[in-house]
Amino acid sequence: TALAAMLLAWLLGCRQLDVQSMWVDEWFTNFNISKSWAEFLPSVIATERRPPLHFALLKLWAQLAGNEEFALRIYSVGLLVLAVALIYAVGRRLLRQEAAAAAAALLLGVSPFWLLYGRMIRAYSQTMMLSLAATLLLLVAVRRGRGWWAAYVLAATALIYTDYSGLPILAAHGVFVLALWLTAEPPAARRSW
């Protein structure tokens with residue numbers, strides 16, 4: 001089930017979380033979030049050339065949890081676990097099979113790639129989690145409309161302010177909505193998502 005995949009992702013994500021020393025780009029992240037709020041944004045813009053949302057949220061997290069490697073990496077692990085839950089939800093809507101959605105969640109939760117890079121003190125986990133959140137909200141908005149579109153726009157905006165790699169995801173969303181509009185699929189047919 002999804003809960004088992006989330007628990008496994010959490011356990012694997014936390015395993016030896018502080019054993020590996022910081023990579024250079026993690027060090028830059030820590031350097032930027034250690035600055036005062038007045039220096040923070042100019043520093044992120046000058047050194048990262050990336051949108052600031054991940055850095056700002058991580059800075060807030062560090063003020064609560066501390067600047068140690070474990071404390072900063074646990075933030076990324078938490079986002080990875082949320083991504084596991086979200087890929088399950090997206091899978092349930094798109095694949096319409098419990099087993100397939102659970103398999104997708106499990107594969108993400110034990111992925112060696114994400115257990116290496118998703119735990120880093122970088123925006124990777126947040127970008128993936130927001131991509132999945134925006135995708136899920138798009139599927140719900142297409143079916144239910146109204147307020148869900150506002151939630152989708154909020155998630156999509158957060159994605160863009162986290163990393164520019166979210167742009168192709170949002171472009172794919174646009175193609176999906178355009179295809180629905182061009183085929184004029186009746187709303188009743190979309191209710192099965």
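This is a predicted model: local features need pLDDT of at least 70, side-chain atom pairs count only at pLDDT 80 or more; totals for chains, interfaces and linings use all residues.

Residues are numbered from 1 along each chain as its sequence is written, and side-chain values use heavy atoms, with hydrogens and water left out.

**Helix packing**

Two packed helices are described by the angle between their axes and the distance between the axes. Here the axes are lines fitted to C-alpha atoms, for helices over the stretch in contact, and angles run from 0 to 180 degrees between N-to-C directions. Helices are DSSP runs (H or I, at least four residues), numbered from the N terminus.

Take H1 and H5. Helix H1 spans residues 2–14 and helix H5 spans residues 69–95; their axes come within 9 Å and cross at roughly 160°. H1 and H5 are therefore roughly antiparallel (angles over 145 degrees). Their crossing is right-handed; that term applies if the near helix is turned clockwise from the far one by less than a right angle, and left-handed if anticlockwise. Contact means heavy atoms within 4.5 Å. On the H1 side, the contact uses Ala-2, Ala-5, Met-6, Ala-9, Trp-10, Gly-13 and Cys-14. H5 answers with Ile-74, Val-77, Gly-78, Val-81, Val-84, Ala-85 and Tyr-88. By class, this contact has 12 nonpolar, 2 polar and no charged residues. In this scheme Ala, Val, Leu, Ile, Met, Phe, Trp, Tyr, Cys and Pro count as nonpolar, Asp, Glu, Lys and Arg as charged, and the others, Gly among them, as polar.

H8 and H9 form another pair. Helix H8 covers residues 124–144, and its axis lies 8 Å from that of H9, at an angle of about 160°. That makes H8 roughly antiparallel to H9. The crossing of H8 and H9 is left-handed. H8 residues in the contact include Leu-130, Ala-134, Leu-137 and Arg-144, and those of H9 include Trp-148, Trp-149, Tyr-152 and Leu-159. The class count for H8 with H9 is 15 nonpolar, 2 polar and 1 charged residues.

H3 and H4 complete the set. Helix H3 (residues 37–47) packs on helix H4 (residues 53–65) at about 145°, with the axes 11 Å apart. H3 passes H4 in a right-handed crossing. Trp-37, Phe-40 and Val-44 of H3 touch Phe-55, Ala-56, Lys-59, Leu-60 and Gln-63 of H4. This contact holds 6 nonpolar, 1 polar and 1 charged residues.

**Salt bridges**

Side chains of opposite charge can pair when their charged atoms come close. A salt bridge is a side-chain nitrogen of Lys or Arg within 4 Å of a carboxyl oxygen of Asp or Glu. By this rule the count comes to 6 salt bridges. The table lists some of them.

| Pair | N to O distance |
|---|---|
| Arg-50 and Asp-163 | 3.3 Å |
| Glu-69 and Arg-73 | 3.6 Å |
| Arg-92 and Glu-98 | 3.1 Å |

Salt bridges that share partners also join Asp-25, Glu-48 and Arg-122 into one network.

Where do Arg-50 and Asp-163 lie? Arg-50 is in the loop between H3 and H4, and Asp-163 is in the loop between helix H9 (147–160) and helix H10 (166–183), so the pair ties together parts that are 113 residues apart in sequence. Arg-50 is partly exposed at 34%, whereas Asp-163 is buried at 9%.

Glu-69 and Arg-73 both sit in H5, 4 residues apart, about one turn of the helix. Glu-69 is partly exposed at 24%. Arg-73 is buried at 4%.

In the remaining tabulated pair, Arg-92 is partly exposed at 37%. Glu-98 is partly exposed at 35%.

**Two single residues**

Asn-30 belongs to helix H2 (residues 24–33). Is Asn-30 buried or exposed? At 13% relative accessibility, Asn-30 counts as buried. Leaving aside neighbours within four places in sequence, Asn-30 contacts Met-22, Asn-67 and Leu-72.

Ser-36 is placed in the loop between H2 and H3. Ser-36 is partly exposed, with a relative accessible area of 37%. Its C-alpha atom is separated by 41 Å from that of Gly-91, which is 55 residues away along the chain.

Methods
Helices (H or I, at least four residues) and strands (E, at least two) are DSSP runs, numbered from the N terminus. Angles under 35 degrees count as roughly parallel, over 145 as roughly antiparallel, 65 to 115 as roughly perpendicular and the rest as oblique. Buried means under 20% relative accessible area, exposed over 50%, partly exposed in between (1.4 Å probe, protein chains only).
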